[in-house]
Amino acid sequence: MPQRVAIVGIGQTRHTSRRPDVNDGELINEAVSAALADAQLTMKDIETVIIGNMEFFEGHHLNDAMLVDYTGARGKSGFKMNTGGTVGTMNVISGWYNVASGLFDTCLVIGWEKHDEAPTTSCITTITDPAIDRPYAVGALSGLAIISMNYMTRTGCKVEHAAMVRAQASENASRNPNAHVRDRLSVEDILKARMVVYPLNLYFLCPTSVGACATVLASEVKANKITKKPVWIKDHVTVHSDYSGALFTFPGETRETSHMVAGRKLFQRNHITKPIREIQVFEMYDPCAFVQMSWLEDFGICGEGEGWRLVEKGVTAREGEFPVCPSGGVLCTNAIGDSGTLRVAEAALQIRGDAGEHQVTRDVKTALASGYGGSYWTDLLLLSKTLD
Amino acid sequence: MQQKTTDELITQEMLLKIPYRWAAGEYVGEFLRELRHSGRIYANKCPKCGRFRCPPAPVCSRCHTRMEEREKWVEVGPRGTLLAFFVAEQSFLVPTTGDMLEIPFSVGVIWPDGAPVALWHKLEETNPDKIKVGMRVEAVFKPEEQRQANIFDILYFKTV
Amino acid sequence: MPQRVGIVAVAQTKYEAAKPRQHLSDLVLEVTDKILEETGISLIDDVDSVVSCSQDHWDGRTISSMPIPDVTGSHLRDESKVAGDGAYAVLYGMMHILSGHHDIVLVVSHCSESQTDGRIIENCAIDHIYHRMLGLDFLSCAAMQANRYMHKYGISREQCAKVVVKNRGNAKNNPYAQAPAKLSLEDVLNSSMLAFPITALDAKPASDGACAILLAKEDKAKKLTDKPVWIKGVGNCYDAHFLGDRDLSACDSLVSASKRAYEMASITNPGKEIDLVEMSEMFSYQELLWMEGLGFCDRGEGGHLIDSGTTQMEGNLPVNPSGGLLSGVPVTVAGMSRVAEAALQLQGKCGDRQVPEAKIAIAHGTAGVCGQMHCVLVLEKGGK
């Protein structure tokens, strides 16, 4: 029988550039232990383990099987997801399916990445087709540079707006002890940073981080017994794109991206007509400063061309009307397999009121978390304090 | 027994070299053969929804209709309009060669004349101040005897 | 009564040692189109989501599902990827439907082993701090397991060779099989030794191919086919990774996985209730060991089971009537192809390899060193 699913435990490691003091399993186990402790459960209570990351990033094949002692999957059910940048949110969605299907009542979901163990950008370059464009990709940076340039061309957004986004993210990250890059940055600092892949300078881009995040999911019956503060995964939408990713809209075509389709579907299904009013926080997967603005438009939070205006007006600040990434987001912390799971975890912490110094100032009942990756692939999850 | 050095962090290192021989498939294979043989760039079209693909594809990704066969392929370029570009100013390890990327390295997304498609390729110009979205570019091919039926048969796109 | 999940249609490419004409996405396109042709459904209008299964290391591509949305009609639609064996993707597709989130799910998998060097890939599946540096791969680890298993229970090389003769012989009736062959025990025993006791013929050959399965919620399955195959039970389980932490003469995780599957399917006596098994045997000894794990005989009795003739086509419990992995099926696709073959049996579509009056079948998938993880599905014939 289908079951409703809640997040009943959350754990994450601190995020940093390097963790030479732990191997991948030990890193993961820090998050797993924290999540179990948060849920006041032990591994005995977990029926299945879902994990996801990108194998080449650490150089390990079938690594869900390799890590069973650290993930707790030994003797249990489980399998591995891999969808690139969206894998973090996909892990949670997969966990949702595991429990919602009625086959399991509890599921441990783990997202992680240990980027200090292999050259990340080089590995990301291999997402491309070897015959067509592998020679021309520079990891994820090239795609983000193209999307950013296209956003500026389409909407008149300026680099100063991207700098505002980054400054705001840094303000948020400075309040988040688990974030990676926590320095408070001014717009001037950001504009002066060295160019990495024009038009993206160092601060317009996310860092490469090492970290892990685990969440415990439970069915309705169990969730209410485990915790007084379950966070309900009310709904989720996954939308992928073909290989060309619809980056460009040619004359006569209507612009349509996976984020746009996902936002429309999720909001329609849940009778949300004004997300900016009806949702209190959005942990968006924002791997570069420009896309945060672009995707506020694409998700339907604001109209086309309005994204940078929202940022300019302070709407997306922690104390603003529609806080975006109060954790600092992917812009300040990106361990790729972990980032999507972390978006869900951070959104859930906001709903629980447990985000400490980076808690948003408004009362949070409903939150959004998104994942991004691939050739414009999207996961969008709707989390809620209550079931109604 | 030697004094234990608790500060020492043990690592294992490995250089992974995996040989791959990827099949390009009939459509991309033919696209690459044409680059080598005739110095022409081809796209194909979906007969149902009208969407183009470059390189040509067997099936439409939007409506899953069989795309047009070889006789109806459309030649595109060699000139085109620049839709977007980037210039890498930091070097990275290139996974296909094991060498470090030579910088500055600029790549454009080009709308070749003849079909609404977006083709990624190297740009000759590497100074971002001299590259503008909307500018006209043209494919420069290698001399025929040097072409190998891969994407490098086009050397780069030059500004026109 | 909750709705069951049905297999509506399956498709496989012919498995071949190499398919150099086809891009990986072309393989998936081939099986996707076969499903569409057989069922008449529309990818765009009828299929709610696609679950793909592939491996980055084998494809030489991070996010190896990148080219898939193009060929499965998944542009601006739901598609996701399980990384592991294809049986797990079937399980995940089943969860899509049981959760109520989707009604009709297309599950696909692909792998072209010929495009790379499998031993390097397999070495990457072994822990990097200690064992990888020994240069282990699946073959060397399997040889270790075979030695342990054979030593403990007196399983002979001849008994293992019987599996090869049976499966390669069964493959002659399977139009998708890569390497059907009429072999003798001597052929197998005398073929070149790879790692004692595993000879070349005791090992799965490298293979290229793809598989697709269309799953649907019960009421829709019944509309799409008059021969739905119900997934009655499923179980999956991980064993330890370090080989030293495992009893290599056993397969504890398969025992756990099959127990869960049988419980869900209300199977209490598998030997009597199951009509056939399609399992993933990468090496000949594995068929013997895993028949024990599936509960068809006691520990250590796998050799006697093959001797008894029970698992031959004419026996009471044919195992791998398709020819199994030993006749050539790529990893990743393997478990999904077992589900496909078992479903075809229950649909009565197996021609010369048909097990007569098959009503309940086991499909089995595995991944990892020495079968570290297993997924077992119990399938039941539906319709007339």
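Modeller: Begin with burial, where buried means under 20% relative accessible area, exposed over 50% and partly exposed in between, with a 1.4 Å probe and protein chains only. In strand 1 (residues 5–12) of chain C, 8 of the 8 residues are buried, so the strand is largely enclosed by the rest of the structure. Strands (E, at least two residues) and helices (H or I, at least four) are DSSP runs, numbered from the N terminus. This is a predicted model, in which local features need pLDDT of at least 70 and side-chain atom pairs count only at pLDDT 80 or more, while totals for chains, interfaces and linings use all residues. Residues are numbered from 1 along each chain as its sequence is written, chains are lettered from A and ligands numbered from 1 in the order in which they are written, and side-chain values use heavy atoms, leaving out hydrogens and water.

Colleague: With which strands does strand 1 of chain C pair, and in what sense?

Modeller: Two strands pair if DSSP finds at least two bridges between them. Strand 1 pairs with strand 7 (residues 208–217) of chain C over 7 bridges, in the antiparallel sense; there, Val5(C) has Lys217(C) as its bridge partner. Strand 8 (residues 229–238) of chain C also runs antiparallel to strand 1, joined by 2 bridges, and Ile7(C) is partnered by Val229(C).

Colleague: Which residues of helix 6 of chain C are buried?

Modeller: An α-helix has 3.6 residues a turn, so residues three or four places apart point the same way. In helix 6, the buried residues include Leu139(C), Ala142(C), Ala146(C) and Met150(C). Just after this helix, Gly154(C) adopts a positive phi of about 70°.
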